[in-house]
Amino acid sequence: MRQCRFIIYFILLVFLSSPAIAVEYVFFSPSSQCEDEIIRLINQSRYKIDIAVYAINNDNIVAALKQAFSRGVKIRILTDRLQASNKSSKARELYTLGFDIKVNSKYKIEHNKFAIFDDKYVSGGSYNWTNPASRQNSENCIFFKDNQPIVEAYRNRFEYLWQINTQEKSDQWFNKHKI
């Protein structure tokens, strides 16, 4: 009996400390929880943020990105070209400020909504980086911490998307769609 109890405790210890238990947080909107956690991760980022997002116009997230950029954090953003052309989009503003930003030129829609913070944290889910996503929409976000297989999968996908969407085509798009 004692040996059986030891084995059960050992299995629980291994299972609970396993990196397979990778979800740090899950939030739902409408609420500010997704927005607040994304801002927290932006604010704590020290060297790099890679973002693939369908739409970006959330005032608070954009303000946090601008602060991170001014601190010297390397930020790359890939967004959807149709969404970037909306008058509420902040894509053109960020591009004008010198952000490394590309608009999708490869697929019909760039519908991803994920970010990688300092190659340590990943956010994903249906949450668009928009004001309505926090205030009006029914969306979700999920955050992973220190899970290298998940970070690696998202990093690989981002690098692939970044490479196939050329800077030349993005620059042409921004020049054509000036503010």
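Before the tour, one convention: helices here are DSSP runs of type H or I with at least four residues, numbered from the N terminus. The model is predicted.

**Whole chain**

Start with the cartoon view. The chain has eight helices and seven strands. Colour by burial next: of the 179 residues, 44% are buried. Now look at contacts between residues at least 6 apart in sequence. Of these, 76% join residues at least 24 apart.

**Stop 1: helix H7**

Select residues 148-164, which make up helix H7. Show the side chains of phenylalanine 158 and tryptophan 162. Both lie in this helix, four residues apart, or about one turn. Are these two residues buried or exposed? Both phenylalanine 158 and tryptophan 162 are buried.

**Stop 2: tyrosine 95 and phenylalanine 174**

Show all the aromatic side chains. The structure holds seven aromatic pairs. Zoom in on tyrosine 95 and phenylalanine 174. Their ring centres are 3.9 Å apart and their planes meet at 10°, so this pair is stacked; the cut-off for stacking is planes under 30 degrees apart.

Compare the surfaces of the two partners. Tyrosine 95 is partly exposed, at 23% relative accessible area. Phenylalanine 174 is buried, at 4%.

Phenylalanine 158 and tryptophan 162 are 5.5 Å apart, centre to centre, with 20° between the planes.

**Stop 3: helices H2 and H3**

Select residues 33-44 for helix H2 and residues 59-70 for helix H3. Their axes come within 9 Å and cross at roughly 5°. H2 and H3 are therefore roughly parallel to each other.

Show side chains at the contact. From H2, pick Glu35, Ile38, Ile39, Ile42 and Asn43. From H3, pick Asn60, Ile61, Ala64, Leu65, Gln67 and Ala68. What classes of residue make this contact? The contact of H2 with H3 has seven nonpolar, three polar and one charged residues.

**Stop 4**

Select valine 23, in strand S1 (residues 23-29). Valine 23 is partly exposed, with 44% relative accessibility. Setting aside residues up to four places away in sequence, valine 23 touches Ile142, Phe143 and Phe144.

Next, select serine 123, in strand S6 (residues 121-125). Serine 123 is buried, at 3% relative accessible area. Draw a C-alpha to C-alpha distance between valine 23 and serine 123. The two are 100 residues apart in sequence and 10.0 Å apart in space.

Show what surrounds serine 123. Apart from neighbours within four places in sequence, serine 123 contacts Lys113, Phe114, Ala115, Phe117, Trp129, Ile142 and Phe143. Ile142 and Phe143 are also listed for valine 23.

Conventions:
Residues are numbered from 1 along each chain as its sequence is written. This is a predicted model: local features need pLDDT of at least 70, side-chain atom pairs count only at pLDDT 80 or more; totals for chains, interfaces and linings use all residues. Side-chain values use heavy atoms; hydrogens and water are left out. Rings of Phe, Tyr and Trp (its six-membered ring) pair if their centres lie within 6.5 Å; planes under 30 degrees apart count as stacked, over 60 as edge-to-face and the rest as tilted. Buried means under 20% relative accessible area, exposed over 50%, partly exposed in between (1.4 Å probe, protein chains only). Helices (H or I, at least four residues) and strands (E, at least two) are DSSP runs, numbered from the N terminus. Axes are lines fitted to C-alpha atoms, for helices over the stretch in contact, and angles run from 0 to 180 degrees between N-to-C directions. Angles under 35 degrees count as roughly parallel, over 145 as roughly antiparallel, 65 to 115 as roughly perpendicular and the rest as oblique. Contact means heavy atoms within 4.5 Å. Ala, Val, Leu, Ile, Met, Phe, Trp, Tyr, Cys and Pro count as nonpolar, Asp, Glu, Lys and Arg as charged, and the others, Gly among them, as polar.
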